[in-house]
Amino acid sequence: MKYDVIVLGGGPAGLAAAVAARCRGKTALVVGNRWQDSPLAKAEKIDNYLGLPGRTGYELLAEFQKHAEDAGVEFVTGRAISLMAWDGFTVTVGADLYQGGALIMAPGVVRQAKFPGEAEYLGRGVSYCATCDGMLYRGKDVVVVGRTADAPEEAKYLKSIGCAVTYTAQKRPDELPEDIPFVAASKVEVRGGQTVASVLLDGTEVPCACAFILRASLAPTDLLPALETEGGYIKVDRAMKTSVEGVFACGDCTGTPLQVAKAVGEGHVAGLSACEYLDKQSK
């Protein structure tokens, strides 16, 4: 499906950007995790958001979400696993493709560092999507590194298509079937030669042909390596423009302070800037 604006991230910045785009008559799609799973939803009290003091994070996010839904913003729950910048932007979410004329990055702060060997073997036995790549490893040993709530479901899918699955996390999820072997581990290392041969889990070597590393989100520069960063954050100007034409960024991913008010303000600017960019393109 094609949209005017695709927003990666459904937090305050992403929702503000999408609402701003809708107010300018643009179609907008937000790709992100469930808002109920956001760290902000667990905040006990937020007193510094103008006009709405004393709200819990859950209450504030619920109001933001309803506002966006009422404005006609569309949503896809999931994580973007690849991005292609050609004739606009094409984003892959699971097995589905979405196209947009402008892209707004609002993923928050991605705090999980890559595992040793992960980057080296990406595309050679490291995958971020069981639905996309599972059939390539049918009949083979695979390891699922679960870092999301839906990772057990992806492990079940891989087993259902004939993969020999080993699941690893710090704690065995309740949703993981008993017939899927589990290894408790916090340290993960991907090993191999030309392709992945094994995964080291807290010192225990598990042979496999693929490591499915399932995180809540990827770092923006993993999706778009051409993005210029500064101090670990996406570099933007006052219009929230990034170093890549047609790509804007807002919220925690652009730097401190990591506050809701700052995220909403930047999101609004990014949405308006994306609309201005699209209007110029159409002329």
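A: Met240 is buried, its relative accessible area being 8% (buried means under 20%, exposed over 50% and partly exposed in between, with a 1.4 Å probe and protein chains only). The model is predicted: local features need pLDDT of at least 70 and side-chain atom pairs pLDDT 80 or more, while totals for chains, interfaces and linings use all residues. Residues are numbered from 1 along each chain as its sequence is written, and side-chain values use heavy atoms, without hydrogens and water.

Met240 lies in the loop between β16 (233-234) and β17 (strands are DSSP E runs of at least two residues, helices H or I runs of at least four, numbered from the N terminus). Although not a glycine, Met240 has a positive phi, near 65 degrees. Asp87 likewise has a positive phi without being a glycine, in this case about 55 degrees. Asp87, however, is exposed at 57% relative accessibility, and its place is the loop between β4 (80-85) and β5 (89-93).

Beyond the residues up to four places away in sequence, Glu266 touches Met240, Cys250, Gly251 and Thr254 (contact means heavy atoms within 4.5 Å). Glu266 is itself buried, with 14% relative accessible area. Its side chain is joined to that of Thr254 by a polar contact of 2.8 Å (N or O atoms within 3.5 Å, one able to donate a hydrogen and the other to accept it). The loop between β17 (247-249) and α6 also holds Pro257; the peptide bond from Thr256 to Pro257 is cis, with omega near 0 degrees.

Helix α6 (residues 260-282) packs with helix α1 (residues 12-23) at about 35 degrees, the two axes lying 7 Å apart (axes are fitted to C-alpha atoms over the stretch in contact, and angles between N-to-C directions run from 0 to 180 degrees). On the α1 side the contact is made by Pro12, Ala13, Ala16, Ala17, Ala20 and Ala21, and on the α6 side by Val260, Ala263, Val264, Gly267, His268, Gly271, Leu272 and Cys275.

Two of these residues, Pro12 and Val260, also contact Leu40, as do Ile46, Gly57, Tyr58 and Leu61, leaving aside neighbours of Leu40 within four places in sequence. Leu40 is found in the loop between β2 (28-32) and α2 (57-70). Although Leu40 and Val260 are 220 residues apart along the chain, 8.9 Å separates their C-alpha atoms.
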